[in-house]
Amino acid sequence: MKFQQYVTRTVKTALFLLVVMVSCLVLQQYVLRNTDHNSLRVEGYYQEPIDSLDVVFIGASDIYTSFMPGRAYEQQGFTSYLLASESITSEGVKTAVKEIVRTQHPGLIVIEANAFLYGDADNETNEAHVHKFFDNLPFSINKLEYIQKHVPVDQRWEYLFPLIKYHGLWTEYPERFHMMASNLTLDMRGYNYLKGFRTTAEIYKGKTPSLNAKLPEEKGELELNPKLQAQLKNLLDYCKEQKLHVLFVRAPHYVTEETYNRVKRSNKMASIVREYGYNYYACENEAVNIGIDDKRDFYNADHMNVYGALKFTDYLAEKIIKEEELKIDPLKAGATEDWREVVTSTNQLYRYCDDLMTKGDVKGAQEDVLTLASLGNYSGATIERK
Amino acid sequence: MLFNMTYTTLNFLFFVLATMLVYFLFPVKKYKWTVLLAASVFFYIVCGYKYAFYILFTSLSTYLIALWIERVADKSKKLLKEKKKEWDRDRKKNYKNKIKVQKRLIMTLALLINFGILAFLKYYNFFAGSLNDVLGGFGIVFSAPTLNLVLPLGISFYTFQSMGYIVDVYREKTPAQRNPFKLLLFVSFFPQIIQGPISIYDQLAHQLFEPHEFDFTRMKHGMELILWGFFKKLVIADRASVLISAVEKDYAQYNGTALTFTILLYALQLYADFSGGIDISRGVAQIFGIDMIDNFKRPYFSRSINEYWRRWHISLGGWLKNYLFYPVAMSNVFINAGKKMKGTRFGKTAAGAHIAKVLPTSVASLIVFLVVGIWHGADWKYVAFGVWNGVIIMLSIILQPLFDGAVDKLHIKRTNPFFIGFQIFRTLLVILVGYVFDVAPSFAEGMRTLTEFFTAQNIPQAFEQLSKIPLIAHDYVVIALGGVVILIASLIQERHQDTDIRHMLDKKSFATRFLLLYIGVMAVVIFGIYGSGYNAADFVYMQF
């Protein structure tokens, strides 16, 4: 065969393989991807400029529905991001800490306690919860380490190439177009407006009365699940080893008899964490003192709505500055501009949710094109607490 | 199983890629075949290391017995040469017969041992259960114990292939392999171990041992065949099998219409699954420069059930023809029976003479199809499936003059497209009736289905019943479109009998080839059923 023919054939084959690979990557990234607020949040974290964050929050929905980074910046001047995912596992929390060490060097890492407070360790192997976080992490040694240690051999490819798992999503179009558009616009814009915050516009009317008023007096402790306790200690060892400034928090909940044991486990966790020399803010126990109104500030028993989130954010942000003595890195001019946009969007989102709740409409509000398109009608001015 | 290494997994594809690299870069040409052997052994160990003993035993016994047969033959030939002048004709004939019996005994030993293992592992529980039922029917309390037996990977395929080799050595069609490792490669060659095709030693072995160089065109064709196999298996068969498995599970719940639809879909699923798997096997082998026998030749275009079995699972049909049909049909018992019938009064009539002539063939066919039925599985429904096909073939052979006469009398041209269409449709109906026994959980349920085809047709009820199966409208559209693609490809192949579609594709422009292959790859990637799957229910917004 002539050399020229050989070259032509090689180029044609390479071109075909390249087009197929690019097509698969595009499908995997935008079209056949389980895009939801979790993926937009986790992906948004990696778009943050290196060393641009003063605080990074880790946890489950308990934190991304409670803390508003835009509000914290407006009130206290520190930048933050919620590297959180729905029902994140304890392994997910540790991987998130490692990812923060790899990608950012924030002055403080805040870990919400939820992942360690379950009565059993079932959440650790809940496929959906594991996928929701790990699918959205980019390739890194930390992700590979998790896969190697915890994923069954026959499922490993799915974590490396999520298209294997999600290619069947084509049946869910056109309903998923808006999530695809959200993903695409986030990538084009290059940063997340709400920095991971997500909420539902609804006021929870609990059938059983909340026990929140009783919690400041609650000092009882209940053992953690042994597996989760081991994971917690493992995490604390890692944080010590890396000399990280870490703060543990427990966000307020609408506590009832049914969920009361979690409060006791939280107390136990606080003891363990303090043994390692770290602070643990049991804000769940202090909900009433923070001013959380259990008739108005929750959208369900596990999550606060924007009214509660605003109060909690103000409370926690102030404590972070005063008690954790966070040193804020000055931002560059461009970054300051971006953060003003974050503040505006957060305030607009608050008013949007307020409007919906006043009208009695129930709606999720997050970093997607539908929510963002609705915010334009609302003012971005500072929110005055009611 | 250490890893999931089925042909449609990424594990398998990477395994093939690694084997390919080692094979083509292997420096010693003479020993390139050892790479294939190592890969085959690795594949078998990974897939079912617990049962590797069985394949090793079959390979070793086949190797030793083939050498034994050949040694007896060589020794006898040598002696006959030495005694050429000493021995008279009768003595030579007697000696030859003695040797023939001796060789046959040795061959029978191999067949008994290896088919014995297969029969025991695959059919013991079936026979024990049937025996208990029969004796129970006569009021005899007897309970043959059932055993927890697991079938070693590919046992039917490698046993048939090895025993074909033994018979070929016995018939002196092929010399016995002197290298046990080469024989092990022939028995265990990884692309064919799971589902065939059942290769003939003469056709496959020399290709395995030849040192093949990398050939771009061959690799491209191999990849194209693998892609086609993936399309048939992952896009169509595995999707359709969701419905078929669901129906099989609650068979009694479905009415005649739902079962009719299921049987039709089963015909497509079975073809797509089996031929798709074979295409992957052949494609992988082709990359290594090895051409394996094509196991399917558009079987649903057959104009008779006889033709269908020449186009469906060709390697099994060929094996049974060579090693079972001919020995039975040509045996003295059958030939004498035919001759005897010819001598009777009935045999003197035209019909009688015809029946006497075709009797050995038709009875041998019935026996062959009984074996085909049993080969498919250990259940009476498979026996019924085999008997049904055997009886139809037997009748078609016996009644052939009647059909021919009717066609002539009606002045129907055999090339008339409507007549051909009628023949294809008629054959398809016969095949579908056979499939009823494949899908039905038991022989009795199969019979019920056949009755309900005529008595329990209710379309709205069938819609309601089938709507509970976890397939959505999108899936039916994909199956239908996939079926159309197979139909178009089959029509093209029928029209250009000797031309491979891949060769036709080679003649197209780069843009056309690029587009078609791109569509093929993306269709498999998007519409294929693979991976653990996304269950929307698991991912719903649980806490909100």
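Trainee: Which domains does the domain assignment give for chain B?
Mentor: Good place to start, and keep in mind that this is a predicted model. The assignment for chain B has domain 2 in two pieces, 215-296 + 458-532. The others are domain 1 (10-214) and domain 3 (317-429).

Trainee: Which elements give two or more residues to the side of domain 1 of chain B that touches domain 3 of chain B?
Mentor: The C-alpha centres of these two domains of chain B lie 30 Å apart. Their contact takes 9 residues from domain 1 of chain B and 5 residues from domain 3 of chain B. On the domain 1 side, the elements giving two or more residues are helix H4 (89-137) and helix H5 (155-170) of chain B.

Trainee: Let's turn to the two chains. Which element gives the largest share of the side of chain A that touches chain B?
Mentor: That contact takes 29 residues from chain A and 23 residues from chain B. On the chain A side, helices H1 (3-31), H6 (127-134), H8 (156-160) and H9 (163-166) of chain A each give two or more residues. The largest share, 7 residues, comes from H1(A).

Trainee: And in helix H11 (residues 226-241) of chain A, where do the buried residues lie?
Mentor: The buried residues of H11(A) are Leu228(A), Gln231(A), Leu232(A), Leu235(A) and Cys239(A). Residues three or four places apart in an α-helix point the same way, because there are 3.6 residues a turn. On the other side of H11(A), Pro226(A), Asp237(A) and Glu241(A) are exposed. Down the axis of H11(A), the buried residues fall within an arc of 100°, so they line one face of the helix.

Notes
Residues numbered from 1 in each chain as written. Chains lettered and ligands numbered in written order. Predicted model: local features only at pLDDT ≥ 70, side-chain atom pairs only at ≥ 80, totals over all residues. Domains from an automatic or database assignment. Contact = placed C-beta atoms within 7 Å. Helix = DSSP H or I, 4+ residues; strand = E, 2+ residues; numbered from the N terminus. Buried ≥ 20, exposed ≤ 12 C-beta atoms within 10 Å, placed from the backbone. Arc of directions from axis to C-beta.
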